[in-house]
Amino acid sequence: MRAVVANGTGGPDVLSVAEVPDAVAGPGEVLLRVHATAVNRADTLQRQGFYPPPPGASEIIGLECSGTVEALGEGTTGWQVGDQACALLAGGGYAELVAVPVGQLMPVPAPLDLTEAAALPEVAATVWSNVFMLAGLGEGESFLVHGGAGGIGTFAIQLAAARGARVLTTAGSEEKLATCRELGAEVAINYREQDWTEVVREGGGADVILDNMGAKYLGLNVAALRTGGRLVVIGMQGGVKGELNLGALLAKRGSVHATSLRARPLEEKAAICAEVVEQVWPLVAEGRVRPVVHTTMPLAEAARAHQLMEESGHIGKIVLTV
Ligand SMILES: NC(=O)c1ccc[n+]([C@@H]2O[C@H](COP(=O)([O-])OP(=O)(O)OC[C@H]3O[C@@H](n4cnc5c(N)ncnc54)[C@H](OP(=O)(O)O)[C@@H]3O)[C@@H](O)[C@H]2O)c1
């Protein structure tokens with residue numbers, strides 16, 4: 001099969017397309033013929049050598065895809081050859097074929113086509129598992145998501161708004177802020193020009209914060225929480241080591257969580273995907289939540305796609321068609 005391979009670690013130009021051995025479905029897996037995959041920040045980190053795949057996962061980059069079932073591994077039930085699906089992956093998405101644990105395969109939510117569906121698994125599973133399963137964002141609560149114009153942000157804004165939360169967000173340009181408002185953010189703050197902590201605090205603070213910045217925003221996020229607030233850190237774009245003021249957290253009876261999706265046990269990922277299909281796909285079917293796709297490029301242009309993401313030149317997701 002053809003796949004994107006990395007010739008060592010480094011900048012986007014280490015990526016190229018090459019012939020590699022076909023992926024094979026093991027017991028409990030489904031072999032998917034990939035129609036499209038999408039780019040994630042973690043892919044760029046893996047390319048640079050900072051985020052190796054968990055044990056047993058494909059060495060090929062790619063955390064999500066859509067496609068058609070090509071074959072079933074031993075003991076795999078619930079799917080048939082020819083079915084269309086999208087999938088959450090621990091790796092292997094930038095290829096013509098990928099083996100997927102059956103619990104991570106999800107139907108393509110109507111009315112999306114396969115290209116759009118490739119932009120959903122990672123953001124849907126990340127936002128649902130962190131904002132709703134873990135932090136328990138409720139109707140009427142206030143929700144702050146940083147990086148509102150990114151893949152995670154564009155999805156989180158819509159899902160939280162559709163479930164009745166008041167959404168606040170940060171982004172780095174007027175164009176990005178406008179998109180965030182159009183997707184349902186009531187308050188959109190240009191973090192380059194305004195003190196976002198002050199704006200959030202003036203509005204009463206946030207019950208739940210989904211953070212991509214890590215260390216740089218740790219203290220500021222705690223300051224922006226309301227009493228009983230929950231901060232969930234999913235990214236470290238602003239550094240790994242920060243100082244946590246436990247006094248401030250304790251006074252608010254707040255909590256700080258940090259999670260990653262990729263290395264979780266299969267049962268946990270299957271449980272998350274099942275909830276996504278049950279809770280999120282109906283909102284997609286109703287048109288209340290949609291994938292925001294900045295651009296679609298052929299797989300052979302993976303290097304250009306990585307560069308675009310690293311320059312933050314995108315709004316929403318970057319999709320690669322196979
Ligand atoms: N833990 C997990 O399981 C998990 C799963 C998926 C994703 N993630 C992480 O979640 C983060 C977002 O992923 P993504 O796919 O949405 O990436 P993305 O599309 O690149 O979005 C990141 C956004 O952050 C914005 N940003 C950069 N600096 C900022 C700052 N100081 N304040 C506010 N926004 C800022 C960027 O644009 P502007 O600066 O122009 O606004 C960009 O829109 C990444 O760090 C990723 O690794 C974690």
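Let me start with lysine 317 and glutamate 64, whose side chains form a salt bridge with the closest N and O atoms 2.7 Å apart, where a salt bridge is a side-chain nitrogen of Lys or Arg within 4 Å of a carboxyl oxygen of Asp or Glu. Lysine 317 belongs to strand 15 (residues 317–321) and glutamate 64 to strand 4 (residues 64–72), so this pair ties together parts that are 253 residues apart in sequence. Helices (H or I, at least four residues) and strands (E, at least two) are DSSP runs, numbered from the N terminus. Lysine 317 is buried, with a relative accessible area of 4%, and glutamate 64 is buried too, at 0%; buried means under 20% relative accessible area, exposed over 50%, and partly exposed in between, with a 1.4 Å probe and protein chains only.

Before going on, please keep in mind that this is a predicted model, in which local features need pLDDT of at least 70 and side-chain atom pairs count only at pLDDT 80 or more, while totals for chains, interfaces and linings use all residues. Residues are numbered from 1 along each chain as its sequence is written, and side-chain values use heavy atoms, with hydrogens and water left out.

The whole structure holds 11 salt bridges, and I will mention two others. Arginine 230 and glutamate 141 meet at 2.8 Å, N to O, and since arginine 230 lies in strand 12 (residues 225–233) and glutamate 141 in the loop between helix 3 and strand 8, the pair ties together parts that are 89 residues apart in sequence. Aspartate 207 and arginine 226 meet at 3.7 Å, N to O; here aspartate 207 is buried, with a relative accessible area of 7%, whereas arginine 226 is partly exposed, at 35%.

Within helix 4 sits phenylalanine 155, which counts as buried at 2% relative accessibility. Leaving aside its neighbours within four places in sequence, phenylalanine 155 is in contact (heavy atoms within 4.5 Å) with Leu120, Val123, Ala124, Val127, Val280 and Val289.

Finally, which side chain of opposite charge is nearest to aspartate 43? That is arginine 262, 6.5 Å away, and aspartate 43 is buried yet has no salt bridge; as for charge, Lys and Arg count as positive and Asp and Glu as negative, while His and the chain ends are not counted. Aspartate 43 lies in helix 1 (residues 41–48), and its contacts beyond four places in sequence include Tyr94 and His306.
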